[in-house]
Amino acid sequence: VKHWHYSGSLPVPPRTMFGVWEHDKFIGTVIFSRGASPDLGRRYGLTQTECCELTRVALTEHTAPVSQIVAAAISALRTHSPGLRLIVSFADPHYGHHGGIYQAGNWLYLGETSPGVEFWDRNGKRWHSRQLSVTGTRKQFGVERKVPKPSEMTQVKTPGKHRYVMPLDRAMRRKLQPLAKPYPTAH
């Protein structure tokens, strides 16, 4: 993920990670986790254990279509987590993503999230607001750590992200299908 994903960072645990191999060579990973929001599934009437986020697809050069790789990871996830009913994922147009891999996999498109703000440090590294603190310290994994202050950063407004969902059972697909919107196009 640190080498092959634009974020350069792993999502916080708990997470389920699937390694991807092609022609006996490791080519990357597909990671599912609870995502950034503890209420990810609430809008769909689901608990944290019934919903997850596809948080990373990090691949080097490969021949198989990304949608095929993601479909294989979803199949393995369903076996690993039988109570799961929905996967949510986001495509960030700020980084040139429109969700083509989700469209190819027949995910439902539910529109955009609200616009946001990113923070950039002097070295050009981007930070999410959850990674910063006005005091300069934040408790992470039970340990008080030094973190950047928002006042030390440059704020960059970002557009809303495209929200895609993959229902994992018929009842969930029937519930969410009426909310689906036409897919956005690449720019």
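Colleague: What does aspartate 169 count as at 25% relative accessibility?
Modeller: This is a predicted model, in which local features need pLDDT of at least 70, side-chain atom pairs count only at pLDDT 80 or more, and totals for chains, interfaces and linings use all residues. Residues are numbered from 1 along each chain as its sequence is written, and side-chain values use heavy atoms, with hydrogens and water left out. Buried stands for under 20% relative accessible area, exposed for over 50%, and partly exposed for what lies in between (1.4 Å probe, protein chains only). Aspartate 169 has 25%, so the class is partly exposed.

Colleague: With which residue does aspartate 169 form a salt bridge?
Modeller: A salt bridge needs a side-chain nitrogen of Lys or Arg within 4 Å of a carboxyl oxygen of Asp or Glu. Here the closest N and O atoms are 2.6 Å apart. The partner of aspartate 169 is arginine 85.

Colleague: How many residues apart are arginine 85 and aspartate 169?
Modeller: Helices (H or I, at least four residues) and strands (E, at least two) are DSSP runs, numbered from the N terminus. Arginine 85 sits in the loop between α1 (66–80) and β4 (86–91), and aspartate 169 in the loop between β11 (162–167) and α3 (170–176). The pair thus links distant parts of the chain, and the separation is 84 residues.

Colleague: How many salt bridges does the structure hold?
Modeller: One of them joins aspartate 39 to arginine 42, with the closest N and O atoms 3.2 Å apart. Aspartate 39 is partly exposed at 38%, while arginine 42 is exposed at 59%. The number of salt bridges in the structure is three.

Colleague: Which residue meets arginine 126 in a salt bridge?
Modeller: The N to O distance in this bridge is 2.6 Å.

Colleague: By how many degrees are neighbouring strands of the six-stranded sheet turned against each other on average?
Modeller: The order of this open sheet is β1-β2-β3-β4-β11-β5, with mixed pairing. Its edge strands are β1 (15–22) and β5 (108–112), each pairing on one side only. Axes are lines fitted to C-alpha atoms, for helices over the stretch in contact, and angles run from 0 to 180 degrees between N-to-C directions. For neighbouring strands here, direction ignored, the average turn is 30°.

Colleague: How many bridges join β4 to β11?
Modeller: These two strands run antiparallel. Phenylalanine 90 stands opposite arginine 163 in β11. The number of bridges that join β4 to β11 is six.

Colleague: What phi does histidine 23 have?
Modeller: Most residues other than glycine have a negative phi. Histidine 23 lies in the loop between β1 and β2 and is exposed, with a relative accessible area of 67%. Although histidine 23 is not a glycine, its phi is positive, at about 55°.

Colleague: What phi does asparagine 106 have?
Modeller: Asparagine 106 is in the loop between α2 (100–104) and β5. Its relative accessible area is 49%, so the class is partly exposed. Asparagine 106 is not a glycine, yet its phi is positive, at about 65°.

Notes:
Pairing = 2+ DSSP bridges.
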